[in-house]
Structures are given as structure tokens and as C-alpha cells.
Amino acid sequence: MTDAATAPFRFDNTYARELEGFYVAWQPAKAPAPKLLHLNRALADELGLSHDALPGDTAAALFAGNLVPEGATPIAQAYAGHQFGGFSPQLGDGRALLLGEVLDRHGRRRDVAFKGSGRTPFSRGGDGKASIGPMLREVLIGEGMHALGIPTTRALAVAATGEPVFRDTGALPGAVLTRVASSHLRVGTFQFFAARNEADKVRQLADYAISRHDPGLADAPDRYLGLLRAVATRQAALLAQWMNVGFIHGVMNTDNMTISGETIDYGPCAFMEAYDPGAVFSSIDHQGRYAYANQPPIARWNLARLAECLLPLIDADTDRSVAKAMEVIDGFPQWFADALLRGQRAKLGLRTERADDATLVEDWLALMEAQQLDFTLAWRRLADVAEGRDDVLRDELVDRAAGDAWLARWKARCAEEGGDAAGRARAMRAVNPLVIPRNHRVEEALDAASRHDDLGPFERLLAALRRPYDAVPGAERYAEPAAREITANYRTFCGT
Ligand code: AMP
Ligand code: MG
């Protein structure tokens, strides 16, 4: 075997080295017939992966888990979590393994992890496996999010295992996803040790999180409060970005909320089509707990769970500790609202700030809701209106008078600000995507891949998602909303 094959990554595994007792060392299951389905070469380059020196079958063996690369220390990480509001003291990597960390070309530390690599001591009743469809889905949505400029974990590779996995719908082809993240620290990681009253471990974990994500806080006297504030600030910015592209995560349990501020775990997530604050797609979210408009308050609720874990570290005096933590948790809604409005102003093509901008946006959203406009295209078409082509948007309106009244207010606001129409339209098209991972296109691509062994639709959709802001000739179909009946009946599934 070549050197590149045995040591394709230059690992440096701080989690395994520094946090003994926070994980179980474990090995991936062997795949009977590995086949590489997808490799993100640009990301591989960024990680310094010597993939060109990897012969095809070595790459397949590597990304299916058959060949544990030199320097990797595969571990299943322990974590707990509130799932739909109920606390599970032990979740953990039941079908995932952290292989280790690499320093990328920019000097950033990135986790490299498997998902679908077999049972671990955290598997409970599960088989530890994953199937092709959901793993390719993770590629599509994650890369779509990345291209939209939204912090996210990313898919490096997907390999088929050649083994069936059994789900409610029958036997499905198995697969392993290789996921890259700035870390896999979750709110639930803190909860695991806090729930066991292991205060020293919570402190150790907080120090590790600080050194990894907020090194500027390392010597600060109030560093644990600082960590809480940093996580809350990142989540406020992240949620604002989700909301401004119509992303619905679907399963915002505390084990699926990162300390890094990256989006993680693309399970039952979906993008909204017609604007509907109550939109929910997950088949198991019967109460609409994780509906579109509920996401910001849920993020705050999750942050309060993190705050509870950190309370003993924040101040020796409990009352003072609670007061300090509450200041952060209560600050979250405003940080979120500020980040949201900043994004919305850019989407409206505004460079300046005026006190009534929030009302202008609210009325625009109310108009979208009343007339059931496609959220993505409605924003995008405003750029056409900025250039004097009102019809593109007006043709979609059921109640033109209401639309015209709002457009007149927005045009007046733009005129007052000044600037040329073409420049404004260009700026708007740089922040209002034309192409998002639309549910019907995602399903079409996954269906072809998992049922017909045809990766063509997946590759073409992925290419379109990588250029969300460009009107690419030939890619028009990826910008089209689904027929209303499809969206109305669309359901996504968890942990599949
Ligand atoms: P998720 O819904 O993917 O965020 O997973 C929640 C918890 O269930 C985590 O502890 C996972 O490791 C575990 N889990 C999900 N699917 C499986 C599976 N097929 N086998 C074992 N554990 C699983
Ligand atoms: Mg999860």
C-alpha cells in the first residue's frame, strides 16, 4: 500500500487525546462491497487530503470504513439531549465515529467523522447504519447551505457499503457518509456530563470548547459566561440566516445544536416553498415544535439548557450565576432580530437603516403569506422590480392592488436612499438565491440514485446548488417550485 493510502490525512486528535472519559474508542464496521459514490474534491484539497494518490478501490475502502487511515483514533462521542423537549441522558454516537481532526490549508481545525459506520456502545436499539438516500441528501442540503454562505458541517464523501439496511419501507442500499465539521461539540455534550453531576468534566469540556472555538476567551476571568455568550451570538446569526432562506431544520433537539454555530444533522430538514410561518415537514413533529417560525424561540430554549450546564462555572454564587446567564439568554431574541433585519435589509436592496424598515419587511412577509408566494422567488423577483420589470412579480399576485401598494412603499424607500437601479438589482441578486435545494428536486435525485443506481440527477442538482445566485442557462428547472399538492403532502423522515 502506498504512503498516501495509509496516511491520506495528517491527523492531530485533540479530542481523543485531551478528553479521555468523554468517548469510547471504537472501530467502524466492515463493508462487504465498498463503492465510492461521491467525493468532494475541492473540500478534499482544502483538507490537504492526498486523494489523487488514492487508487479508486482504496478510496472506496477508506470512505466505507474498511481502511482506518494511519493517525486516526476512531471514537464514539458521548452526548445527551432534549429530544422534542424530553431529556435523554444518553444518546451519543450511535451510528457515527469521529476519526480525528486535521488542520486544513487555512490552519483551521476540522473534525473528520463517519456517519453510518455501524453499531457502537451508544446504538441502543439501532443498527448503526445509514442508507444511500439520506446520506446523499446530507450532501445536497449541506453543500446547498454552504454555497448560500451559511455555516454548516460538510460532506466529504459518500461510499456505498454493498450491504442492505432494513427500514420500514424495506431493504435499502447501505452507505457511509464522511462528514467534516469545525467540531462535533453539541449542547448535548455538556448535558451528558452536567446530568451526571460531573462538574469537573463540564469544566474540562468548556475549556476545550473555548480553546477550540473562542481562544480569545482563554484567559478571561468570566470565560464561561463568555462562552455562553459566544455560542448564543453564533446561533443568533445562524438562525437569522436559516430564516432568511426559508430553511426548516426539522429536529432542533439539543444534541443537534452545535457550539461552533454550524448547522448539523440534515435529517428531516426542508426548504419552505410558499411562505408559511407554520411550515413543518417532519413526519414526527406532530405538535409543530420545530415549525419554521418556532425555530428562533427553540434556539433560545436550547441555549437555556446549555446555560444550565454552565451555571456552576459562571459564578460560585448561584443567584449571581443565574442572573448573569439570564442576561445572555434574554439577550438572544434581540441579537437574533438584529441579525435577521440586517439580512432582510440586504435582501430588500437597502444599504441604510430606517426605524420603520422592520414594518416594511413584516408587511412584505404578510403579503407573501396572504398571496402564497414562493418565498425564494418572491425575494428574487424584487430585484427585477428594482430594474423596472414589475410584471415578473405582479404576474404571481392574486391581489394586485395589495401588491402594488406595498411595492410603492418599497420603491419610495429605495428612491429616498438613492443609488442606481442596476447596482441595487445586482446587490439583491447576490443575497437572494435563485436556486435552493427544493424538496421535489432533492427527492428526484435521491430516487434515481437509490432505486436506479443513477447518480446523474444528483450530480446535476449538486452542480446547480453550488451556484445559487446565478441564472445559469439550462438550470432553470432547479429554480422551479413544486406543484402545490407535492409541497402540501411532503413529509421528511428522521434517523433514516
Ligand atoms: P439523530 O436523530 O440522527 O440526530 O440521532 C439521534 C440519536 O439517535 C443519536 O444518538 C444517534 O446516534 C442515534 N441514532 C440514529 N439513527 C441510528 C441508527 N440507525 N443506529 C443507531 N443509532 C442511531
Ligand atoms: Mg443528531
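These legends walk you through a few views of one predicted model. Residues are numbered from 1 along each chain as its sequence is written, and chains are lettered from A and ligands numbered from 1 in the order in which they are written. In this predicted model, local features need pLDDT of at least 70, side-chain atom pairs count only at pLDDT 80 or more, and totals for chains, interfaces and linings use all residues, while side-chain values use heavy atoms, with hydrogens and water left out.

View 1. Helices (H or I, at least four residues) and strands (E, at least two) are DSSP runs, numbered from the N terminus. Along the principal axes, the C-alpha atoms fill a box of roughly 65 × 60 × 40 Å. Of the 496 residues, 57% are buried, meaning under 20% relative accessible area (1.4 Å probe, protein chains only).

**View 2. Ligand 1 and the 17 residues around it.** Gly92, Gly94, Arg124, Gly128 and Asp265 come nearest; a residue counts as near if one of its heavy atoms lies within 4 Å. The shell holds eight charged, seven polar and two nonpolar residues. Here Asp, Glu, Lys and Arg are charged, Ala, Val, Leu, Ile, Met, Phe, Trp, Tyr, Cys and Pro are nonpolar, and the others, Gly among them, are polar.

**View 3. Polar contacts of ligand 1, pairs of N or O atoms within 3.5 Å.** A polar backbone atom of glycine 92 sits 2.6 Å from a ligand oxygen.

**View 4. Tyrosine 469, in the loop between helix H17 (456-465) and helix H18 (484-489).** Its side chain reaches the backbone oxygen of leucine 148 at 3.3 Å. Tyrosine 469 and arginine 429 lie 40 residues apart in sequence, yet their C-alpha atoms are 6.2 Å apart. Beyond neighbours within four places in sequence, the contacts of tyrosine 469 (heavy atoms within 4.5 Å) include Ala147, Arg380, Val431 and Pro433.

How values were computed:
A polar contact is a pair of N or O atoms within 3.5 Å; within protein, one must be able to donate a hydrogen and the other to accept it, and residues adjacent in sequence count only if both atoms are side-chain atoms. Buried means under 20% relative accessible area, exposed over 50%, partly exposed in between (1.4 Å probe, protein chains only).
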